[in-house]
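Please view the sequence and the model first.

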Amino acid sequence: MQSIPFGDSTATAGLLAKAGTAAIVISILLNVLISVLGVVPSVFLTGANILVFGLWGGFFVSWAGEIVGAVVSFLLYRWGVQSVAKIPTGHWKLFRTVNSLPGLRQIYFLTVLRMAPFIPSGIINLLGAVTSVSLFHFLITTALGKFPALLLETAFSYNVITLGKNYIYLVISMIVAVLLYWGIKKELQRLGQQQ
């Protein structure tokens, strides 16, 4: 069996293209693996999905994979924290803050975190797992927060892939990413001051 070339969009796209009708399922399973590992950036897989499924098809396959991967990670991390590691989190301010929020505020707070391109998904999955956030609320925050973040990642990846034709769009994507970073950073600071 051929190994997965983590980090190489073109090679991964080649493997997905050879898979035929199973390519979507394989892509989603790869996203689950990336989410569980928590240290491998998924941008290469987004690029591979664009190459295989096109711009919008690649976006939706990547979005579905991110959601499924986050939910599987959440369940595994929660099981691990509660059953194996028994990590005490009651004295950590961030966990106490999230636990003290009502359901809708938890959704809002985690959605803002999920939108942030500078916070690794693995950290947010772990944060959700060790707090009182319900699986349903975690699913909502992931679906909502990943949508704009993945739109930006997809646009960026597409513009890198087609750099010869779309360099101006790459610059626009980078400007939007900086503005999103600044806006989310300000919102997280505001939320932190309210606690």
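A contact means that heavy atoms lie within 4.5 Å. The model is predicted: local features need pLDDT of at least 70, side-chain atom pairs count only at pLDDT 80 or more, and totals for chains, interfaces and linings use all residues. Residues are numbered from 1 along each chain as its sequence is written, and side-chain values use heavy atoms, with hydrogens and water left out.

Q: Is serine 35 buried or exposed?
A: Serine 35 lies in helix H2, which covers residues 23-37. Buried means under 20% relative accessible area, exposed over 50%, and partly exposed in between (1.4 Å probe, protein chains only). Because its relative accessibility is 7%, serine 35 counts as buried.

Q: Which residues does serine 35 touch, not counting residues up to four places away in sequence?
A: Serine 35 is one of the buried residues of H2, a list that also includes Ile34 and Asn31. With residues up to four places away in sequence left out, serine 35 touches Gly69, Ala70, Ser73, Tyr77 and Asn125.

Q: How are the rings of phenylalanine 60 and tryptophan 63 arranged?
A: Rings of Phe, Tyr and Trp (its six-membered ring) pair if their centres lie within 6.5 Å; planes under 30 degrees apart count as stacked, over 60 as edge-to-face and the rest as tilted. Phenylalanine 60 is partly exposed, at 41% relative accessible area. The centres of the phenylalanine 60 and tryptophan 63 rings are 6.4 Å apart and their planes stand at 70°, so the pair is edge-to-face.

Q: Which residues do ring pairs link into a cluster?
A: By the ring-pair rule, the count is eight aromatic pairs. In one of them, tryptophan 56 and phenylalanine 60 have ring centres 6.4 Å apart and planes at 35°, so this pair is tilted. The cluster linked by ring pairs consists of Trp56, Phe59, Phe60, Trp63 and Phe147.

How values were computed. Helix = DSSP H or I, 4+ residues; strand = E, 2+ residues; numbered from the N terminus.
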